[in-house]
Amino acid sequence: MENEKIVVGNLKTKMNIEEISQYLKVINKEVISEQVIICPTSIYIPYFLKQRYKVGLQNTFINEDGPYTGEITPNQATSMGIHYTIIGHSERRINLNEDDELINKKMISAVKSNMNIILCIGETIEEKQMLKTDMVLRRQLVNALNGLSIDMLHNVIIAYEPVWAIGTNNVASIKEIERTANYIKMIVHQNRGYKNMRVIYGGSVNEQNIKELNQIKNISGFLVGGASTDTDKFLSIINEVVVNQ
Ligand code: PEP
């Protein structure tokens with residue numbers, strides 16, 4: 001699994017139960033690869049379990065166990081067979097004020113529970129215009145990975161998701177993604193001594209740009225938001241990345 005490309009579908013808070021049920025009729029039949037990880041809104045997760053693809057949370061709590069009303073702990077997730085979680089998505093960093101310290105606590109708690117983590121990092125348009133991309137990525141990475149041993153880092157995948165590319169149709173260029181993926185790998189190597197960090201790209205990936213994006217050699221797959229909620233678009237992306245690999 002470590003060398004195979006993955007496609008992560010972040011369904012965010014999209015779809016009501018009727019739409020989910022239509023979605024699942026197609027997805028459960030057509031998606032037969034463990035390289036696909038679907039992250040539904042938590043209340044719908046039971047409908048997605050026990051299929052041939054994997055299921056992940058969109059977020060998880062800072063402690064493995066305990067009384068925390070409204071949260072989902074990593075231990076609860078693994079007890080249900082959910083072994084993936086997204087952490088640090090920009091929609092949570094921005095709308096829920098999640099900071100690097102909180103994200104680091106979530107990382108540690110999730111790895112202790114043996115979850116695989118998709119850690120999202122990325123710069124805003126203002127940071128990009130001020131040429132602060134590398135500085136922001138370094139800060140987000142170093143803080144999020146603080147205290148994680150090399151063993152734990154095997155369970156982490158970094159999703160480079162420029163905030164300006166999410167849901168905007170402004171996909172990052174091939175050059176930008178290649179350069180940034182190398183930079184992320186270098187920082188993780190320098191800072192944590194771990195050479196083989198996997199990096200995936202997210203931000204307006206769709207059925208039209210996937211062929212070109214999939215040519216990028218130094219990334220291990222894609223995080224797909226909007227297009228993952230449309231079965232035709234999502235299946236085209238999956239076909240390109242994991243079926244025709
Ligand atoms: C996301 O939400 O992580 C994402 C990449 O969204 P989109 O594909 O819609 O840009």
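Colleague: What volume does the largest pocket have?

Modeller: Rolling a probe the size of a water molecule over the atoms shows where empty space is left. Here the largest pocket has a volume of about 360 Å³. Among its 17 lining residues, Lys12, Thr13, Gln58, Asn59 and Arg92 are the closest to its centre. The model is predicted: local features need pLDDT of at least 70 and side-chain atom pairs 80 or more, while totals for chains, interfaces and linings use all residues. Residues are numbered from 1 along each chain as its sequence is written, and side-chain values use heavy atoms, without hydrogens and water.

Colleague: How is a pocket defined?

Modeller: On a 1 Å grid over the protein atoms alone, a pocket is an open set of points with protein on both sides within 12 Å along at least five of seven lines; lining residues have an atom within 4 Å of a point. A volume is the space filled by probe spheres (1.4 Å probe) set on the points, which are joined across faces, edges and corners. The second largest pocket holds about 300 Å³, and Gly167, Ser204, Val205, Gly226 and Ala227 lie nearest its centre among 21 lining residues.

Colleague: In which pocket does the ligand sit?

Modeller: The ligand sits in the second largest pocket (more than half of its atoms lie within 2 Å of the grid points).

Colleague: Which atoms lie 2.6 Å and 2.7 Å from an oxygen atom of the ligand?

Modeller: A side-chain N or O atom of Lys12 is at 2.6 Å, and a backbone N or O atom of Gly167 is at 2.7 Å. For Asn10, a polar side-chain atom lies 3.4 Å from a ligand oxygen.

Methods
A polar contact is a pair of N or O atoms within 3.5 Å; within protein, one must be able to donate a hydrogen and the other to accept it, and residues adjacent in sequence count only if both atoms are side-chain atoms.
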